[in-house]
Number of protein chains: 2
Amino acid sequence: MAFNTVTYSVMGILLRAPRTGYDVVKELKSFRPAKSSQIYPVLSKLEKQGLATVQVMHQSGRPDKKIYQLTDLGKSHLLEWLDTHPEPPVVRDDFLSMLFSAWAKDVSTVTRLLTDRRRMLDKHAEDLNAKYAQLLQTFPTKIKDPASTQLSAYLLVGRRLRLLEEEGKWCEEMLTQIASWHN
Amino acid sequence: MAFNTVTYSVMGILLRAPRTGYDVVKELKSFRPAKSSQIYPVLSKLEKQGLATVQVMHQSGRPDKKIYQLTDLGKSHLLEWLDTHPEPPVVRDDFLSMLFSAWAKDVSTVTRLLTDRRRMLDKHAEDLNAKYAQLLQTFPTKIKDPASTQLSAYLLVGRRLRLLEEEGKWCEEMLTQIASWHN
DNA sequence: GAATTCATGTAAATGGTTACATGATTAG
DNA sequence: CTAATCATGTAACCATTTACATGAATTC
């Protein structure tokens, strides 16, 4: 039995701790964003196939909480998936498509695209930096434990940060380079 | 009238020069990959809506070539799009999902993921580097001309290369760091 | 002689988003 | 008092891939 990659991502979250669909969606944001309308059906399929169990917590005023927990069967499928090779990443970035055609307009279009991008990257990096600092402070030893979930967080956040910073630097350099040509 | 982003990407390619669907698919690879089964319908819609014209070149032994060319109407829509703000990039990368769960298996899973990733990045960077060097040699002055398509190529390839290299470095550093913890 | 390139497309299926339905609680 | 958060899900639509159909020309 093979599942799609969102399903494995959801299983990975449930393996760490039992969670509601709402919480799964929030946690997915850090490495594999998806809308809740995609996740809720995934969770009910997991239950139907015996890969997760549900515990319902009654609430008043809002829908009952459904807490999903990965079963041993679910875990075994997830671990099996980890032995396979990941597909090459899929990236869809309108910024690149715009850059590709920007020559047809004027230089200001190129510089606007670059400055806007840089702002976006900076804002993003700022948020992540806080998270990263906190991570390093709170769990300095646990990170080194390969069986700790902190290692993954350290790797994932650290990688993201470096790529954000590198792209930011690139934007800046390109802006100064272009400015130097047109003065 | 607003179109989806593949459509704008295709228009951007046709703006540079008239092309067949086959060639459009090849060129899309550098910034917005898509399968031909997605592109052919896009092209026929462009024609129906007067955004592109077609010239049929008869061939024997293979399907007739259909050369698409962007119309002024198409160009105006594309330029209008360039004044808008791009959506945030969409990334789906199984490698990250695997890294997120790798703690549940063992350290060797983490290191295998990192080494495989590094190999992939290196291979990719190698190909791009050749392209980049050629670009810098062949059109050293044209790149500085903002109305030249070479500027876009320079930006796009340069950016990609830097990000590939940065991620490669990160993989390497993480591998040595992890190795130092477990010796 | 085998693999890749050239060249078009359609049909079916999967993946993913938007819109809809519903509304109390909590934080600023 | 306003915005965000909590909490579930379904239906319709759009985006993208896979599989199918076809086969000569070229490169290795």
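User: Is Asp93(B) buried or exposed?

Analyst: Please note at the outset that this is a predicted model. Burial is read from relative accessible area, with buried meaning under 20%. Asp93(B) has a relative accessible area of 2%, and therefore counts as buried.

User: With which residue does Asp93(B) form a salt bridge?

Analyst: Side chains of opposite charge can pair when their charged atoms come close. In this model Asp93(B) pairs with Arg117(B), and the closest N and O atoms are 2.5 Å apart. The two residues belong to distant parts of the chain, 24 residues apart: Asp93(B) is in the loop between strand S3 (90-92) and helix H5 (94-101) of chain B, while Arg117(B) is in helix H6 (residues 107-138) of chain B. Arg117(B) is also buried, because its relative accessibility is 5%.

User: Which residue of chain A forms a salt bridge with Glu166(B)?

Analyst: The partner is Arg162(A), with 3.1 Å between the closest N and O atoms. This pair crosses between chains, joining helix H7 (residues 149-181) of chain B to helix H7 (residues 149-181) of chain A. Both Glu166(B) and Arg162(A) are buried.

User: Where do Lys169(B) and Glu166(B) lie relative to one another?

Analyst: Both are in helix H7 of chain B, three residues apart, which is about one turn of the helix.

User: Which residues are linked with Asp93(A) in a network of salt bridges?

Analyst: The network links Asp93(A) with Arg117(A), Glu167(A) and Arg159(B).

User: How many salt bridges does the count give over all chains?

Analyst: The count comes to 30 salt bridges over all chains. Among them is the pair of Glu166(B) and Arg162(A), which crosses between chains.

User: How many disulfides are there over all chains?

Analyst: A disulfide is assigned to two cysteine sulfur atoms within 2.5 Å. By this rule the count over all chains is zero.

User: Is Cys171(A) buried or exposed?

Analyst: Cys171(A) has a relative accessible area of 0% and so is buried. Cys171(B) likewise counts as buried, because its relative accessibility is 0%.

Terms used
Residues numbered from 1 in each chain as written. Chains lettered and ligands numbered in written order. Predicted model: local features only at pLDDT ≥ 70, side-chain atom pairs only at ≥ 80, totals over all residues. Heavy atoms only, no water. Salt bridge = Lys/Arg side-chain N within 4 Å of Asp/Glu carboxyl O. Helix = DSSP H or I, 4+ residues; strand = E, 2+ residues; numbered from the N terminus. Buried < 20%, exposed > 50% of the residue type's maximum accessible area, 1.4 Å probe, protein only.
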